[in-house]
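Thank you for sending this model for comment. My notes are set out below as numbered points.

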Amino acid sequence: MIKRRLFSTLTVFLFIFVTFLVPSDLNAETREFWVDTSHWEDQEVWVTSGHFQDTQEKRWVDTSYTVTQGYWENSTKNVWVSSGYTASRWVDTSHNVWVSSGYLQSYWVDTSHYETRYRTVTGWISCNITFVYQNLPSEPKNVILGKMWDYPDTKYTGIINGTRYKYWKSYYKLLPANNIGQQGAWVTFKTYYHCIEMEVTSAVSYIVWVSSGYTAYYWVDTSHNVWVSSGYWGSKWVDTSHWETATNKRWVDMSYTVTQGYWEYYTEKVWVDTSHYEYKAVWVEDGFYTSPLHGEVIVEKSPRYIFTRWHKNQNNEECSMELNVSWKVDNSNLSEGEEEKEIVRIYIYQDICRFNNKGVEKVTIFNGNVTPSVEGSINTITKFDYSGNEESILHIYLYAQNGESAHIYFSNPINGFRSINLMSEGSNSDANTWLGGNNYGKFEF
Amino acid sequence: MVNSNFNPGRNRGSVLLIVAILLPVFILLLGFVVDIGRAFLYKEEINKACMVAAEEASKCIDIEAAQEFGVNRLADNYPDIIYEYFYKNYKGTADCSINNLQYNVIESIDNPKYIEVYCEADVKCFFLKIISINSITIHTKANGRLRRIK
C-alpha cells in the first residue's frame, strides 16, 4: 500500500517537473515537425489518347473471268534454212607503198653590189665679209679727229661667229681733245675684221663595190611508190541458205478474258492517335522534419506594387522588386546546454499564379547559405518575367544549423499591362489600378 | 423583217460623236476614283499612325506613382510620345499635309479611361483640279487604353 502511494506520488511529481521544463511561450515541442514544401510544378506528361474513326473506303471487286478455247491448225509455210560451208582462198594484199625521201641541197646566193658612200672635205673658199667690233661702249667726248688704220698685210686665222676665217684688221681710232699731249692719245673706237677666206666643210660622194652573199638550202624530193607483194590464205563462208516448204501443226488459241467488276463501298475503323505531350501541374510532395525555431523576421519590400521587367521606370530601367529580409532569432528560452540557434541558410522564392490558367511559375529569389548568425539580413533584387494574380505567394524560409526552419509567406501579385485600341465609342470604365500594395511586415515565429 | 429605212452611210460618224461626248466624262470619273482612292489610302495610313500613337501614349504611365501608390496616372511626357509615334508611323509626303493633330485624355490624367488621338489632313488632288477641287480633307480618330493583364 505504501509502495503504491509512493509510486503515485513520484509519478505526479515527475509529471509536474516535466511540464515546467518546457516553456509554453516557446512552443517547446520536443518532437520535430513536418515542414511541407509541396508545390505544384509544371511537368511535361505524355497523354495517351485516341479514338476509332469510321472511314468510308472504296475498293474494286474484280469478277473478270477467262474463256479458254481454240483449235489445231495444219499450216504450210516457207521456212528459211540457214546453211553454208567454209572455203579457203588466197587473199591478195599486194599494194603500193609511198616512200617519202629527199635531201637538202646547198647553193650560194651572191648579194655583192655597188654602194654609194659619203665623206666630208674641209677647204677654204674666198669671201668678202667684214665684221665690225666696237671696243668702247660709246664714242668718247670732245673728239677732234678720227682716222682709219689699215693693216692688210698682216693676215690672221680665227673663228668669228662659229666659222673659221682668214682676215686682216683695220682700226678706227679717235683723238679726244683731253688726250692731246699724252702718251697713247689715240683711242681705238672700232676694230674691222676684213675676211678674205672662210673654211667650208662639204660631203663628197663616191661609189664602192661591196662583196657579200650567203649559203641557202633547198629540198630535193626523191619520194616514190614501191609495189609490195603480199597476201595470205583465208577462209570464206559460202552461204547456201535457202527457202524450204515446211508443214506443221499449231494450236490456235481463241481464249479470251471478260473484264468486269464493280466498286464496293465498305466502312473501316481507323485508330486516330491523338497522343501528345501536355504540360500539367503536378503536385510534388516535398518537405522535411524540423524542430521549432523562434524569433522575428522583418520583410521590407520595395516598391509596394510590383511590375514585370518588361516595364521601364523613369530611368528607363527594368522594373524590379527589392526585398530586404532581416531576422533575429530568439534564443532566450533555450534549455540548458542547448546550442544557440543561428540562421545558416535562406530560401526565398515566389510562386507566380499566372493569369488565364497558365500555371504556376516558380521564381527563386535567393537560395543559399548565409553567414551563420542570430541576427542578420539579406538584400535581393528580383525581376519578374510574368505577371501573376493575388494568389501569387512570396515564400521565405529561414533554416537554422540543426534543420529548424521558419516559414513566412505573403501575397505578392506581379502587375503587367498592355495597351489596346478601342472602338470609336471609347470606354466608360475607370483606368485599371494595380494589385498588391504591401511593402513590409514584421513576422514572429 | 428587214428595216428598209436603215442606211449605213447616213449613220457614219455617230460613234465618234458619242465617244467625243462621253470620253471627258469617263476621264473625269476615272480621276474622281483615283483621287478618292488616294485619299482613302492616306486616311488608312494616318489612322494606323493614330492608333499606334494612342496605344503607346496609353502605356506611358507614371511608373513611380504606379509602383508606390498603385494608381494609373499618365506621365507628363505622354504628348511627346503621341507625336513621336505618330510621326514614326506616318512619313509625310508632299501630297498629304497634316493640318491638325490633337489628343484628348478622357476623364483625367489621374484616371485615364482612354486617350483619343485625332488627325486632320489635306490630300492634294491630281485629276479633280480640273473641276477646281484642289484637295480632299480627311479626318481620322483612334482611341487607346491601358489594360492590366488579368
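This is a predicted model: local features need pLDDT of at least 70, side-chain atom pairs count only at pLDDT 80 or more; totals for chains, interfaces and linings use all residues.

**Notes on a helix and an interface**

1. Residues are numbered from 1 along each chain as its sequence is written, with chains lettered from A in the order in which they are written.

2. The buried residues of H3(B) are B:Tyr78, B:Ile81, B:Ile82, B:Tyr85 and B:Phe86. Seen down the axis of H3(B), these buried residues fall within an arc of 125 degrees (taken from the directions from the helix axis to the C-beta atoms), so they line one face of the helix.

3. The contact between the chains takes 30 residues from chain A and 28 residues from chain B, two residues being in contact if their C-beta atoms, placed from the backbone, lie within 7 Å. On chain B, the largest share of the side that touches chain A, eight residues, comes from S3(B), a strand being a DSSP run (E) of at least two residues and a helix one (H or I) of at least four, numbered from the N terminus.

4. S3(B) also pairs with strand S30 (residues 417-422) of chain A, in the antiparallel sense over six bridges, pairing requiring at least two bridges found by DSSP. Within S3(B), B:Gly144 stands opposite A:Asn421.

Key:
A residue is buried if 20 or more other C-beta atoms lie within 10 Å of its own, exposed if 12 or fewer, and partly exposed in between; C-beta atoms are placed from the backbone.
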